[in-house]
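Q: I would like to learn how to read a structure, starting from one residue and ending with the whole chain. Where do we begin?

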Amino acid sequence: MAKGKLLVIFLMLAIICPVMTSCFDAKEVDDMGFVIALGLDKGKTNALRMTLQIAKPMAGENGGGGGKDDLPYAQFSVEAPSIFSGLNMINTSASKQISLTHIKVVVFSSELAREGLGPYLHAMVRGREFRPNMPIVVARNSAEEYLESVDPKLVVNATKYYELVYQSYKYTGLIPKVEFHDFYLSSESLCKNPVAILGNTAKFQSVEEFDLKDSTYLEHGRSEPFEGDFYAGDIPALGGSRSENIGLAVFDGDRMVGELDGTNTTLHLLCTGDFVHSYWNIPDPLSEGHYVLLDIKQSRKPRHHVEIVEGKPVIHLTFNLEGDLLSVQSTIDYEAGDNSMILESAVESYIIDQLLQYLDKTVNEFQSDICGFGTHARGLFTTWAEWEAYQWKSKYKEATFTVDVNFKVRRPGLILRSKSSVTSESGSDTQ
Amino acid sequence: MKKKTVFGNWEAGAIISNLICAKVFLDSPRLAVETAGTAAWMFTIYVSILAIIGFTVIQRLYKPYEGKDLMDIAELAAGNIGRVFVGLVIILCLGWSTTAYMRLFSENMKLISLTTSPLSFVELFYVVCLVVGAYLGMEALSRLHAFTVIIIAAGFLLIMLGVVNYIDLGNLLPILGNGAEKIFIKGASKVSAFFEILVLFLLAPFLKKYQNFRATGYWSLGLSAVFLLISSFVFSSVFPYPSSLERTIPIFHIARLIKLGRFFQRVESLFLFIWAASSLLYISVTFYFILFTFQKTFQLDYYKPLIIPFAIIIMSVSFIPSDFTEIIGYEVNLFRNWAWIVAFVMPVLLLILARLRKKKPAR
Amino acid sequence: MIPVEYIVLIVFLLCVAFYTISYGIWTWKKRNRLGAVMIFLVAIISVILPIYILIFREV
């Protein structure tokens, strides 16, 4: 009996040993090349030009000294008929097997986006390697140039750079909140259209080149541009990475139909409820030529109410915002009393005006419901067939809006009362 | 053959709950959406109520047959012919469940993680589990269910909680989805989702008392209904209709979305563990009951010599469908439309017939 | 030319069938004719079906 038990144990051990040699799917992490960014452009010799940034795990260990060789990734470009064919082609020259399981961002060129991203979106949804949380960027120039211009200065780890940079919507409001999951679902949705982050390479190489000819400040009725009155690549700024992300690409289904600047992107975030906080310049209601700077937050998610009146959508929006005073250039005492209410009223009017301009653009220029108001219209129908028959996306161009903003100044910052400075010439006002 | 194995309500409830809920990890949320559209949650509540009503009728009729399983009742109702007929039907249905689920789980495993491994290699792990489970017997399986099902349920609920950020209740509108006719009339046959309640009627001898049988039935149906409802609710609110129809493995797609901060990501690997555990338990139990039913139907003394031949047959049959979509087609269009007849109608007919005939109990 | 793995597999299947048939014979001797017939049927299917799948389905 003891011999039988020994034999069984020996047999079991003998059977287990081959299993320890690992199975068909065993992969060493060190044998894999992990793509952190994927760029897709229209190819010259083929349908696609793919640009891959592949992470170099050992890069940055000895401290950065500048130069392309010290970048934490290697960039490859290849022209191929499809994404997976491109991977095959890159695998012929790369020493490691390329894996897409750690992709942090996918960048499409605007040329490709205007033709339609359907074929690529389906490949990305069907493939198990693509993550649903990765952001989607549309590069105004080309995806290859955009990725070339990415040169993280404040982080060594390239994946951390990508994870952080597209989260800036939380504190700037100048890029949309976009994940591939939302983008894909919106492209197939009957009630909303997707947006993508707008990216580009900075066009200015030195301070002398700065100009405002591509700024949108005149469209907004301003005499000088605010921080959001630019498209990606046009910001008069230097230093850091040369890639810029500001604004959004508007889509109708899977096809890009237009662009919006940073200011309109902030308004888009307000409408979708994804706005967290950002700094706003409001024209001083009591002193022309001056601005009141506020740190505005969303105190509650916006309320959307949609009605169908004579077959046309009527959309009522209510926003609840609050703000902290950051700066009063005119030194007028807005912290309390009647002036506070004047300021709040001015902010409300300003934001309503901006919102109506933005919504007007989505209706008349793009005819694309990128804010997803259709999701609130679904409840007006009993069955899916009725909703489908209404064809919200084509009815959206007849939509009208009423906007209401409730704004409250919560905190005056570290100064309770504004006082102007006193100079040797009495009565001078300077900040 | 004397039955010495007895286990309690908890073990039996865990077995039945896992059997019914294992399909949550396959395609039941998507099937609910296919039938009812945005009203998938409503449809799930509806079929759950139908299943509970069906079980209520059956358990009332079951009272005089305490400790007897379905084949005993079939023998009382229609003699040896009845026993053999019912036994063959149960073997065929459980056999289909086992082969289909083994194939589906293996194919899904290949989709998710073992992409380059041959299908036969992946299925071999399942077959080894079947064989070991059958050799160990029902008592061991029931004890295993008693603690593993809790872990599986906890993991499932964690995954559902992790995607709370992505839930949009607006995706549940329009309220009636594909329409009342498709939900309540054409959808009634989808009560076959609770087909595995049939195993409770085979577990009756292990439960001994009628009260245990009744309590187990209601508890397991109730818990299963809750989990099916949670899965269909979360799935249809995260993935709007009609995009939700595209998803092969709904819960896997949900798990992939979970991203809490920069560090808590890729939770689908946790999903793999609980999913594999649930699937292995499922097919182990259904395989055991195929053997148990075969033994009882043909009045054999032992079932263990038949473990390996049946395992070979199950594995071979699972290779008959040529691809993934073919087996989904059979499972959805055929089995899930008609299995309710075997699970609910057949026991009711047998119980009524047995009452009418009032034969001597089976040996 | 049949691959070696197939031959090994078929030999294994025949061993299993042999064992099952022996159980069937034992059941027959215990005067359970129907049970024995079903066991023989299971044994035959457990040989024929995998061979069919291997050769004709080429899995």
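A: We begin with B:Leu70, which lies in helix α4 of chain B, residues 70-112. Helices are DSSP runs of H or I of at least four residues, strands are runs of E of at least two, and both are numbered from the N terminus. This is a predicted model, in which local features need pLDDT of at least 70, side-chain atom pairs count only at pLDDT 80 or more, and totals for chains, interfaces and linings use all residues. Residues are numbered from 1 along each chain as its sequence is written, and chains are lettered from A and ligands numbered from 1 in the order in which they are written.

Q: Is B:Leu70 buried or exposed?

A: A residue is buried if 20 or more other C-beta atoms, placed from the backbone, lie within 10 Å of its own, exposed if 12 or fewer, and partly exposed in between. B:Leu70 is buried because 27 other C-beta atoms lie within 10 Å.

Q: Which residues does B:Leu70 touch, leaving out those up to four places away in sequence?

A: Two residues are in contact if their C-beta atoms, placed from the backbone, lie within 7 Å. B:Leu70 touches B:Val86, B:Ile90, B:Phe201, B:Leu202, B:Pro347 and B:Leu350.

Q: How far apart in space are B:Leu70 and B:Leu200?

A: Their C-alpha atoms are 9.4 Å apart, although 130 residues separate the two in sequence. Across chain B, 84% of contacts between residues at least 6 apart in sequence join residues at least 24 apart.

Q: How many helices and strands does chain B have?

A: Chain B has 13 helices and zero strands. Of its 363 residues, 55% count as buried.
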